[in-house]
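Hi,

Here is the structure we talked about handing over. My notes follow below it.

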Protein chains: 2
Amino acid sequence: VGRVLIQEMERSRLPVNQLRLWATARSAGCRIPFRGRRLSVREIDPAEFIGCQLIFFSGTEGEKGASRLYARQAVDSGSVVIDNGSDFRLDPKVPLVIPEVNARDLKSHRGLIANPNCSTIQMVAALAPIHRRFGLRRVVVSTYQSVSGAGRSGLEALAYETANPKSSYAASPFAQRIAGNAIPDIGGLGEMEYTTEEWKMVREARKILHDPKLSIAATAVRVPVAVGHAEAIYFETRKKVSLGRLRTVLAGAPGIIYDRQGYRTPLEVAGRDGVFVSRLRPVPGSANSFLMWCLADNIRKGAATNAVQIAQLLYSQGMLPGSSP
Amino acid sequence: VGRVLIQEMERSRLPVNQLRLWATARSAGCRIPFRGRRLSVREIDPAEFIGCQLIFFSGTEGEKGASRLYARQAVDSGSVVIDNGSDFRLDPKVPLVIPEVNARDLKSHRGLIANPNCSTIQMVAALAPIHRRFGLRRVVVSTYQSVSGAGRSGLEALAYETANPKSSYAASPFAQRIAGNAIPDIGGLGEMEYTTEEWKMVREARKILHDPKLSIAATAVRVPVAVGHAEAIYFETRKKVSLGRLRTVLAGAPGIIYDRQGYRTPLEVAGRDGVFVSRLRPVPGSANSFLMWCLADNIRKGAATNAVQIAQLLYSQGMLPGSSP
């Protein structure tokens, strides 16, 4: 996510005067290209936060803590923080934002803004335009999540196990061999036999949609795909709605690439921006009930792209310290 | 399926006096071991149906037609036919049977019995004990289906594409590269934007459960797994039911291996019999709504094992021509 974040910053229209890159001691020292220069990655030092208008934090499940350790200090130093981790997402004082859905929530920020979980972003981006117009009575979602969601070690595990059909990758972030398998355990089983990933989808979606009781039944499954998450989403609307009306709404929804015919797959959306919806269809014999197939690049719209979109909004609305768009 | 069917016959307690093996001209000639002998596969010839008590037909999607061409002749020759194909499953005169669920339907057979679709069998085996006691108001299912469901060429496509990351298998039965991908298209998109696999799940489940209006919303997805189908199943019961009661029902259900804690994966159930249910959990905030994770070896319980179980029932209940159990 960190590397793609830098690429997205590079592509964005943000006027970046200076970019500072920090990492843990382990990754410090490497050099990363940015707008024609090569920037060194330094070991993180809160003293260097001073003077930054905006700081991104990003950490995978296994390497959590950067934002927990440093985000408050960064805010106290006068910076705005966009955190891609899960530590602050459910904090009522922290806006949790998908720009196409709830940009308005940014207005109440107190220096810290959270980027939602990857599988939440694509699901909510697709459901929000429907929720706004017709209400949602119930959502059932099953995910097909790529190994890159577990960071670099996830990609390494899939590559190693694909090349070694008899053995598992020693440093794998997954509970079992992922090559040739499907594992219904993302983040570990906990409360009520749900995984942390499933709870993220439920709780983050409710917060972003401002619908704290929305019924969401989620099953999150890791599959042997490198990049790109897919979701099979069932939803029931509160108001009566026709298939034709839903098609029109999705076709006009911001950030959604809607295919009325055919479908996309993870291999097709990897490396692309946006949320891809296809196979929208009514459930036979059930009124106001529909299914759809929803895809996104979990590193891009599911993480880095969404974070940079938030930054652009903050900048264009004059919400960064000392910025004049 | 054909090869595993022979293995299952070998393991069964059926007193097989003589086993005749037929195939298309392409596969005729090979020799297959059975109870210490090596039997030759001959090109199919309806004249040889005479004197058979029981004939199995099996064909993959791409090689349909064996039962369509020969099943009626086999019945007319005095044999009972168990058909693993989809040609007769929805015929109201043909029982569609999962022995643990609707063995009783066998009684009305007129010589032809259909074996359900693989993804139907495991879903209905897991839902039937719940349906019987509490009724079902609604089912939402997303599948994670292995390539062996598409027959030998499916396994070949996955193996070839795994070894050749840049190219697709020329004779692949899949619409796109399956290695590293997830394809929501099993059997082709048709009526109402549903695939034939999804319609099979809906219509076969309604027939087996004798509940012709049951609401089933299905998404069938092919994933890069060799053997073993997984399903994320959401269900709402008509009667009020507690999690504890459901656990007891599943733990005591015939043919179900229920894990109250943890979960299984396709790699763990491949080569095993039975339907594996785990991760049973209530949907937060919704009464009488639950999720579960359901697995089976699609070649065994999803096809061959179920067919041989039907044969054993027919034999033990004296429903085979000239048989005395």
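How many aromatic pairs does the structure hold over all chains? It holds 15, where rings of Phe, Tyr and Trp (its six-membered ring) pair if their centres lie within 6.5 Å. Planes under 30 degrees apart count as stacked, over 60 as edge-to-face, the rest as tilted.

Ground rules: this is a predicted model, with local features needing pLDDT of at least 70 and side-chain atom pairs pLDDT 80 or more, while totals for chains, interfaces and linings use all residues. Residues are numbered from 1 along each chain as written, chains are lettered from A and ligands numbered from 1 in written order, and side-chain values use heavy atoms, without hydrogens or water.

Aromatic pairs:
- A:Trp22 and A:Phe49 are edge-to-face, at 5.1 Å centre to centre and 65 degrees between the planes. Both are buried (under 20% relative accessible area; exposed is over 50%, partly exposed in between; 1.4 Å probe, protein chains only).
- B:Phe235 and B:Phe290 are stacked, at 5.6 Å and 25 degrees. B:Phe235 is buried at 0% relative accessible area, B:Phe290 at 3%.

A charge to check: A:Glu161 is buried yet has no salt bridge (a side-chain nitrogen of Lys or Arg within 4 Å of a carboxyl oxygen of Asp or Glu). The nearest side chain of opposite charge, A:Arg177, is 4.8 Å away; Lys and Arg count as positive, Asp and Glu as negative, with His and chain ends not counted. The A:Glu161 side chain does reach the backbone nitrogen of A:Ile178, at 2.8 Å.

Best wishes

Methods: Polar contact = N/O pair within 3.5 Å; in protein donor to acceptor, adjacent residues only side chain to side chain.
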